Amino acid sequence: MVARLVIAAPSSGAGKTTVATGLMAAFAGRGLAVSPHKVGPDYIDPGYHALATGRPGRNLDAYMCGTGLIAPLFAHGSRGCDLAVVEGVMGLYDGAADQGELASTAQVAKLLKAPVVLVVDASSQSRSVAALVHGFASWDPEVRIGGVILNKVATDRHEHLLREALGGSGVPVLGVLRRAPGVATPSRHLGLVPVAERQAQAVEAVAAQAEQVRAGCDLEALLALARSAPELRTEAWDPATAGAVAPGAVGSVGAGGAGRRVPRVAVAGGAAFTFSYAEHAELLRAAGAEVVTFDPLRDEALPEGTAGLVVGGGFPEVYGAELSANEPLRKAVADLAASGAPVAAECAGLLYLARSLDGRPMCGVLDADARMSERLTLGYRDAVAVSDSVLAAAGTRMRGHEFHRTVIEPGAGASPAWGLHRPERRVEGFVRGGVHASYVHTHWAGAPGVAARFVERCG
């Protein structure tokens with residue numbers, strides 16, 4: 001039984017991340033073990049959550065992992081904790097396009113039987129706030145809105161008007177936060193700037209958010225609300241058993257037999273490659289691999305004995321000059337790929353494996369060139385593996401998402417990685433030897449056997 005809260009809002013931009021991160025840090029500062037979670041595919045917010053709690057930030061994505069895994073993944077991440085705080089995505093009832101409530105914060109709250117705290121940007125309203133809160137609280141009777149936190153409140157008079165309006169709503173005010181530019185986190189083309197790029201400033205920002213929440217929120221009432229959540233009957237997700245392959249799934253489990261050599265899988269990290277799900281490394285280890293992180297901005301060689309390489313998402317476009325200047329590592333990556341070793345690259349990893357990025361030489365593993373674009377590509381994807389690869393057998397169906405402001409030409413190789421069926425039909429990505437490179441981010445917890453298949457091919 002873990003006390004739990006979902007932090008939601010009527011829309012994006014209301015201050016969910018500030019409030020959720022501040023609450024995590026404030027409760028952790030009181031000595032509670034706090035488990036941080038984020039609804040949806042976002043990679044950046046969990047970095048701030050991890051900073052606030054000292055635990056891995058974990059995602060709960062009903063689209064990529066399926067609704068049946070939300071409670072088990074939550075139980076896995078929150079095991080041994082006193083409190084779990086779940087930050088929502090977009091507006092409370094917003095989910096995957098044309099899919100009803102699927103992947104919405106509301107759906108996740110219902111799956112977790114968790115009370116919701118609604119964060120309202122009150123900067124341009126007074127009495128209307130009551131109508132807004134009433135509408136959200138009554139829209140879906142299965143969603144329990146246990147309180148509201150009023151954000152960006154201007155003055156004591158403004159606070160009085162808001163409290164008076166909400167007095168008869170039946171939804172208690174659990175916090176009032178004044179406008180405080182100092183707690184804001186800077187953004188750029190793909191959202192917030194990741195923690196890894198501004199560690200010292202991020203620590204200060206999280207501390208400021210915690211102080212703002214402590215000063216403006218009723219922490220005792222919030223904790224009582226979290227503890228009012230009913231028992232969640234579910235078996236925790238376990239990476240040791242999650243890699244078992246169902247009929248017709250990705251591949252065979254080849255991990256960890258007696259006397260089997262432990263393959264070393266190198267995972268790109270550092271400021272340029274910050275996008276990863278904690279479960280990926282857990283699944284690789286459970287499949288029998290040793291996982292070693294390296295930083296392409298600093299390290300001039302792959303970890304000694306690297307048998308497989310995973311290069312996830314991030315911001316190579318921001319660090320293009322530095323990545324290009326590290327010629328020894330670029331050559332090492334190219335040599336590893338040429339040897340036939342398994343290489344899995346997503347989005348930023350795809351760009352890094354390209355011939356060039358914005359005119360600067362990259363690893364040259366792929367006969368393709370990438371560049372920044374004005375167009376944001378964003379959304380969930382339904383994918384089918386077109387070619388056999390180190391991740392999936394041809395015909396395997398998976399779900400993922402795209403999130404980038406770059407383009408690569410050509411968009412697909414002679415053996416594409418995926419055939420996409422949503423929102424439009426096209427092929428994309430590259431399968432070449434042991435290389436699987438694509439713009440599509442996937443969550444391996446929702447794809448049994450991916451990690452085991454990858455590790456098996458590490459030899």
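Which residues of helix α9 (residues 219-227) are buried? They are L219, L222, L223, L225 and A226, where buried means under 20% relative accessible area, exposed over 50% and partly exposed in between, with a 1.4 Å probe and protein chains only. Looking down the axis of α9, you find these buried residues within an arc of 155°, so they line one face of the helix. That arc is taken from the directions from the helix axis to the C-beta atoms. Helices (H or I, at least four residues) and strands (E, at least two) are DSSP runs, numbered from the N terminus.

Before going on, a word about the model. It is predicted, so local features need pLDDT of at least 70 and side-chain atom pairs count only at pLDDT 80 or more, while totals for chains, interfaces and linings use all residues. Residues are numbered from 1 along each chain as its sequence is written, and side-chain values use heavy atoms, with hydrogens and water left out.

Now for what α9 sits against. The helix lies across β1, β4, β5, β6 and β7, running at about 110° to β1. Contact here means heavy atoms within 4.5 Å, and axes are lines fitted to C-alpha atoms (for helices over the stretch in contact), with angles from 0 to 180 degrees between N-to-C directions. Those strands belong to an open sheet of seven, in the order β3-β2-β4-β1-β5-β6-β7, with parallel pairing; two strands pair if DSSP finds at least two bridges between them. At the edges are β3 (58-60) and β7 (173-178), each pairing on one side only. On average, neighbouring strands of this sheet are turned by 25° against each other, direction ignored.

Zoom in on β1 (residues 3-8) and β4 (residues 83-87): they run parallel and are joined by five bridges. V6, for instance, has V86 in β4 as its bridge partner. Helix α1 (residues 16-29) packs on this sheet too, touching β1, β2 (34-39), β4, β5 (116-121), β6 (145-153) and β7, and its direction makes about 170° with that of β4.

β10 and β11 run parallel, joined by five bridges, and A266 has V292 in β11 as its bridge partner.

Finally, the aromatic rings. The whole structure holds seven aromatic pairs: rings of Phe, Tyr and Trp (its six-membered ring) pair if their centres lie within 6.5 Å, and planes under 30 degrees apart count as stacked, over 60 as edge-to-face and the rest as tilted. One of them is the stacked pair Y63 and Y380, at 4.4 Å centre to centre with 25° between the planes. It links distant parts of the chain, with Y63 in helix α3 (residues 62-65) and Y380 in strand β16 (residues 369-385), 317 residues apart. Both Y63 and Y380 are buried. F273 and Y352 make an edge-to-face pair, 5.6 Å centre to centre and 65° between the planes, and both are buried.
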